Amino acid sequence: GKLENLATGENLHSTRFMGDKCYLVTFKKTDPLFVIDLSKPNAPTKLGELHIPGYSDYLHPYDENTLIGVGKETVEADKGDFAYYQGLKLSLFDVSNVNNPRQLSKIVIGDRGTDSPVLSDPKAFLFDKSRNLLVIPVQLYVINKTEPVEQWAYGQFAWQGVYVFDVTLTGGFAVKGNVTQMDNAEALLADPSLAVRDYQLVNYDQWVNRALYIGSTLYTVSNSRVQLNSLNNFALMARIDLN
């Protein structure tokens with residue numbers, strides 16, 4: 001079977017198969033989230049779609065009726081048939097009504113340039129519904145907003161580590177805390193221009209690319225270190241240097 005002319009002229013960014021449904025995201029100026037019925041493989045059918053700014057590069061089941069999307073926020077260009085991507089966006093989608101999917105909540109982190117390994121590697125995504133726990137690595141870029149900001153303006157690198165969220169259907173995404181392995185994280189966050197003036201201040205081997213937990217301990221892994229922090233207050237418990 002086949003389903004044609006679904007999003008002509010747009011790029012496919014993510015798909016998720018759940019039971020006999022397929023959820024897929026395309027993007028050009030807005031983020032259409034399509035719900036596809038695959039119960040008849042020789043005749044796939046579009047059931048519904050949602051159009052919102054931005055896009056999701058990764059979709060993950062929250063439960064049988066809800067999806068978590070991770071991607072980028074966007075704003076439509078003043079001129080031209082395209083949009084500028086902005087900060088990292090997390091969305092919670094309700095797909096219980098297959099004909100009318102909707103966005104329950106969203107959160108945007110940082111400015112244009114902010115990124116996450118999750119957008120290209122789902123193994124960087126840590127989620128446990130029983131604990132309302134979501135952890136993702138983030139490269140944070142920020143813009144000095146004391147002056148007018150153009151749509152295409154990039155932020156400056158300011159921080160890297162993991163964001164820890166509490167995620168629920170009623171409360172959406174709430175940032176519980178964050179953990180970094182960067183030795184100079186506080187200085188860079190206070191003055192992101194330091195990284196521009198001296199690139200050696202950014203040690204990419206200290207960038208976290210994986211996270212896991214055991215009990216109430218959060219483990220983060222970079223190329224140079226395994227670090228243990230409390231999931232209760234994020235205090236440093238121990239670190240193991242790998243070189």
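# Reading a predicted model, feature by feature

Modeller: Start with Val221, which lies in strand β14, residues 217–221. Strands here are DSSP runs of E, at least two residues long, numbered from the N terminus. This is a predicted model: local features need pLDDT of at least 70, side-chain atom pairs count only at pLDDT 80 or more, and totals for chains, interfaces and linings use all residues. Residues are numbered from 1 along each chain as its sequence is written, and side-chain values use heavy atoms, with hydrogens and water left out.

Biologist: Is Val221 buried, exposed or partly exposed, and what is the relative accessible area?

Modeller: First the scale. Buried means under 20% relative accessible area, exposed means over 50%, and partly exposed is in between (1.4 Å probe, protein chains only). Val221 has 22%, so it is partly exposed.

Biologist: Which residues does Val221 touch?

Modeller: A contact means heavy atoms within 4.5 Å. Leaving out residues up to four places away in sequence, Val221 touches Gln181, Trp207, Val208, Asn209, Arg210, Leu212 and Val226.

Biologist: Where does Val98 lie, and what does Val98 touch?

Modeller: Val98 sits in the loop between β7 (83–94) and β8 (102–109). Its relative accessible area is 22%, so Val98 is partly exposed. With residues up to four places away in sequence not counted, Val98 touches Lys21, Val35, Leu47 and Gly48. The C-alpha atoms of Val98 and Thr74 are separated by 25 Å, and these residues are 24 apart along the chain.

Biologist: What is the phi of Asn5, and what is the phi of Phe234?

Modeller: Asn5 has a phi near 55°, a positive value in a residue other than glycine. Phe234 is not a glycine, yet its phi is positive, about 65°.

Biologist: How do strands of a sheet pair?

Modeller: Strands of a sheet pair through backbone hydrogen bonds, either parallel or antiparallel. Two strands count as paired if DSSP finds at least two bridges between them.

Biologist: How many bridges join β11 and β12?

Modeller: β11 (residues 156–168) pairs with β12 in the antiparallel sense over seven bridges. Val164 has Gly177 as its bridge partner in β12.

Technical notes. Helices (H or I, at least four residues) and strands (E, at least two) are DSSP runs, numbered from the N terminus.
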